[in-house]
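Let's take a friendly walk through the inside of this protein. Have the structure open as you read.

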Amino acid sequence: MDILYPLCRLCRQFTDCLPTLLFSLFRCHLQEGGQSTIQRHSFIRMSKLPDVRGRITYISSRTKQENLYAVYETTDRPYWTELAKCNQQEFQKSGTEGKCIEARGFIIALPESFPNLYDPDKLLQLFTDRFKEKYDVECVSALHHNKRKTNYHIHLIFSERKLLPEPIEKTATRNMFYAENGKRVRTKKEILDENGNIRKCCKIVKKGEVYERNLFTTKNKLFKQENFVDEVKHFYTDLINLLVKDDKEKLHVFDSSGLYLATKKIGKNNPKAEQIQTDNENRMRWNREVDRAIVSGVPETEIQQIKKEYITDHIKESIDIFGSEPERYGNIIMTAVAALTLLISKVLQKARELSAKIFQTELIPSSLPKQEKITLKEPIPNSSKQKHELQSKTQATEQEISNIPPKPVMSAEAVAYPKLLKIYKELNRQNGIIFDAERERNNLEIERDSLKGLAKLTKKGQLQSRIDRKNEEIDLLKVGLSGIVKRYGFQNVHDFYKTLAISKTANAEYRDKAERWVEKYGENTGRQEKESVYRRLQKHQRGKTDGQTKQTSKSRDRGAR
């Protein structure tokens, strides 16, 4: 007994931590490559440049950049000096607070195979010229690697203004007076000091002199619109996907307005690494719940509504009230996850009740006796007459058979449907297991909350440990649900369902075309097969008769001798 007690205790501890061990092993498997052929998100970020000349010097200087491969400019450097001057003048006129935006720039991350595939100068020129052709603005760009040579990227700076064909000059019709802040004043007295001299930084523009000279147009409003960055992301992502040789390196743009939440990359030596990691785990929990909601049949509009009400709107309210406090973000996401989980359970419960009703009403075993098949022997037709009829039919139908169009061929989407259907069934089977596990967890919680008296002190801890183990099991099953589609090369369940819908439509169209083709031309093809068989029989019979005649002729020759 002294030996058995520690063994039983050890076994109980092992069973308590088993789900946690399995969960960690599964996560390690995914990190080591358990997810096959998962597409990466493209990284393209825009920034505002208050000092465009300094930024151009920084990205194009070999003394400031250790791994600079190429620099490309669509115009001369004095252009950017004049552009900065123009922007500063317009900013002073507007009286706006803050910093003047002289230009804008993009950072475009490239696949790591590009240094071995393309010449840096030609690659940079291609990306820059494509941008200039699309938006008709001047650019300057540089191609870099980071210090560890793990990030191959382009810095592209572009102007928000266009150069006018001819400068617009304004001439003073009378003397004009300007104060220290550059604003115009009415009289000369306003710029004089106590001694009657012009104060420093004040100036007078005499009559007939040019007081304003515009070289550029106004700023293009397109570059300030919210959808501009997404447009550029899709533009450059498509260009990158055209250049990659390996399909595994193809990129896609993350849809921030979609159902899922994007995770953040944790840089090296980031002081907020732990906070970002926690935030990413909460985001992944929401994404897994979205996957399960789609499999469960929850409409996308309802998922989007929950995301807006419980995440987007709550974050805006939190920022307005408390300011930027990232630690509140986790509670907001977990509230949204709970709301989505409740909606999923309601949808699945209704679906199971409906399927049970259909099973009881429609699936009734038939008690009707089977009809016996009566076979009648048909009279054997005359063989010579049948041959004559077949010969006449062959000549009549040769012209019809030659006009038969080819049978419809299955497209690649239609061919993939059986495999996608198998994945669909696997998802539903996994979702059913999760639903059963959640129902068991809920029953345990009801039992725990209904405890009274002494049982509340003795059984509550035991039930709570069972609930915790069940929660870990449910988390593991949800990770497995999202991992099913990733194992087959899909980014998420939403992408899989879109592909399944396209494949299902293509398969149905093929079957419809094939059935119509069989109804219209199936008889002629049957005739063609019968006639080909008949011709082969004729050749076989002719061969037999020729062989018999040869043998009889040989025997006659021998008898004559």
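## About the model

This is a predicted model, in which local features need pLDDT of at least 70, side-chain atom pairs count only at pLDDT 80 or more, and totals for chains, interfaces and linings use all residues. Residues are numbered from 1 along each chain as its sequence is written, and side-chain values use heavy atoms, with hydrogens and water left out.

## A histidine in a strand

Find His 153 in strand E6, residues 152-158 (strands, E, are DSSP runs of at least two residues and helices, H or I, of at least four, numbered from the N terminus). His 153 counts as buried because its relative accessibility is 9% (buried means under 20% relative accessible area, with a 1.4 Å probe and protein chains only). A polar atom of the His 153 side chain lies 3.0 Å from the backbone oxygen of Asn 151.

Leaving aside residues up to four places away in sequence, His 153 touches several residues, including Ile 108, Leu 110, Leu 143 and His 145 (contact means heavy atoms within 4.5 Å).

## The nonpolar cores

The largest nonpolar core has 38 residues, and among those touching the most other members are Trp 286, Ile 303 and Leu 340 (a nonpolar core is a set of buried Ala, Val, Leu, Ile, Met, Phe, Trp, Tyr and Cys residues joined through side-chain atoms within 4.5 Å). Helices supplying at least two residues each include H7 (273-296), H8 (300-322) and H9 (327-362). H9 gives the most, with nine residues.

Apart from this core lies another, of 28 residues, among them Ile 108 and Tyr 135.

How values were computed: Buried < 20%, exposed > 50% of the residue type's maximum accessible area, 1.4 Å probe, protein only. Polar contact = N/O pair within 3.5 Å; in protein donor to acceptor, adjacent residues only side chain to side chain.
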